[in-house]
Amino acid sequence: MNGIKSRQPGSRYLNKRNLLLAVSALVLAALAFFIRGLYARLGVLDFLASQSTGYYQGYAAPEDAEWYTIENERFGIDSSGGNARATTDGINAALLWAKEQGYTHVRFPKGTYTIQCLWRNRYAAPTDGILVPSGLTLDLGDAVFAIEPNSFPEYCIFGIVDASDVTILGGTLAGDRETHQYAPSETSPTHEFGFGICVSASSNVLIQGVTIRDMTGDGIILEGSYIPMSEGGAISTGIRILGCSISNCRRQGISVVGASHCEIAHNRIWDIGGTSPQFGIDVESEMDYIVTNLNIHHNVIAGCRGGAISCHSGSDYQVYANACRGGVIAVRSSHVKIYDNLIEHGRLQVYTAAEGIELSGNHLGPGARLVQGDR
């Protein structure tokens, strides 16, 4: 027909109808996904609201404690959220000065402090951010310490490095999860090492009542000296994390990778997810560090993509009386007692590589199950 192709009657209508059907299907699928996500989110919030950590006791300073309130103007510290480098240097100078003057208790005025961290080697102890000297108790009060938005795979707001007898109380630590530039990195493409508090090879540390949110990595990490113990390295000992609120961090709420005789209790941890492993609390040793003699109890954990608590490795510790919306697992740990925990919408799983795991008195609520083995 002179090279003219015929068109079936109604084909244009059919194409439009198919397009409308496809668009409608996508809209419905998106709506269903949104509703499922909203339902899950409401479940997390309901669980957090309905469970108590049983923690009511605050910090009591010694009666003879002499407090020093940091003089922001004197040390060039900006409490309005600007001048990150000068503020970071000023805080470190103020802490050293207070220690030299014989103070053991330091308060921060209310404000927003932007912290810069130029620590660029994840495999060495933090060298920047706020580095807390031994022997100091810091009352952060109503102050907010926010990391300066950056593109680096690693940072920490507070570093406790090779220190002893340190206490951090109250305050809010805010990461840059939402504003972070996830630039390509050969050493850490996942950008999973942005920490609120990094405790490295330190002893007798109390972290209490701190709110930590939006880190690109962990809210808190407990680890060693970044030197193998076989070469003279050390782990952290006598660390207590009590009554903290940790949320919306990408990798973990709390990581324990080199520590002994520590307590993690009465904390609320939720909405952890973004880069693996994504647990509320993950006990997982590195190098030849040991992890032992922990007491993990009375924490309320929900909405963590990997699960609530991972006893991945380590030995001779206890996990008890936690309220978890998400799984509790024992992977390669040994001689761990897991008891009196409430678990909902997750599994209590003991993998075949775990040894001597004792389970007793755990309550499996809605959507929870016991799994023995790797499936």
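Predicted model: local features only at pLDDT ≥ 70, side-chain atom pairs only at ≥ 80, totals over all residues.
Visitor: Which share of the contacts between residues at least 6 apart in sequence joins residues at least 24 apart?
Guide: The share is 66%.

Visitor: Why is Ala84 called buried?
Guide: Ala84 has a relative accessibility of 8%. Buried means under 20%, so Ala84 counts as buried.

Visitor: Where is Ala84, and what does it contact beyond its neighbours within four places in sequence?
Guide: Ala84 is in helix α2, residues 84-100. Its contacts, with those neighbours left aside, are Thr114, Ile115, Gln116 and Glu148. Thr114 is 30 residues away from Ala84 in sequence, but the two C-alpha atoms are 4.9 Å apart in space.

Visitor: Why is Asp214 called buried?
Guide: The relative accessible area of Asp214 is 14%. The cut-off for buried is under 20%, and therefore Asp214 is buried.

Visitor: Where does Asp214 lie, and which residues does it touch?
Guide: Asp214 lies in the loop between β12 (211-213) and β13 (218-223). Not counting residues up to four places away in sequence, Asp214 touches Tyr155, Gly175, Asp176, Arg177, Ser247, Asn248 and Cys249.

Visitor: How do you know that the side chains of Asp214 and Arg213 make a polar contact?
Guide: The contact between these side chains is 2.9 Å. A polar contact needs a pair of N or O atoms within 3.5 Å, so the distance meets the cut-off. Residues adjacent in sequence count only if both atoms are side-chain atoms, and this contact joins two side chains.

Visitor: What makes β13 mostly covered?
Guide: Six of the six residues of β13 are buried.

Visitor: How do you know that β13 pairs with β10 and with β16?
Guide: Pairing requires at least two bridges between two strands. Strand β10 (residues 193-200) and β13 have four bridges, so they pair, and the sense is parallel. Four bridges also join β13 to β16, so that pair meets the rule as well, and these strands run parallel. On the β16 side, Asp218 has Gln252 as its bridge partner.

Visitor: What else does β16 take part in?
Guide: Strand β16 (residues 252-256) gives three residues to the lining of the second largest pocket, the largest share. About 150 Å³ of space lies in that pocket. Of the 14 residues that line the pocket, the closest to its centre are Arg251, Val257, Asp282, Glu284 and Glu286.

Visitor: Which strands form the open sheet of 11 strands, and how are they paired?
Guide: The order is β1-β2-β5-β8-β11-β14-β17-β20-β23-β26-β29, and the pairing is parallel.

Visitor: What makes β1 and β29 edge strands?
Guide: Each of them, β1 (67-69) and β29 (358-360), pairs on one side only. From one strand to the next, the twist averages 10°.

Visitor: How do you know that β1 pairs with β2?
Guide: β1 and β2 (residues 105-107) share three bridges in the parallel sense. At least two are needed, so β1 and β2 pair. One of the bridges has Thr69 with its partner Arg107 in β2.

Methods. Residues numbered from 1 in each chain as written. Heavy atoms only, no water. Axes fitted to C-alpha atoms, helices over the stretch in contact; angles between N-to-C directions. Buried < 20%, exposed > 50% of the residue type's maximum accessible area, 1.4 Å probe, protein only. Polar contact = N/O pair within 3.5 Å; in protein donor to acceptor, adjacent residues only side chain to side chain. Contact = heavy atoms within 4.5 Å. 1 Å grid on protein atoms, 1.4 Å probe; cavity = no way out; pocket = protein on both sides within 12 Å on 5 of 7 lines; lining within 4 Å. Points joined across faces, edges and corners; volume = space filled by probe spheres on them.
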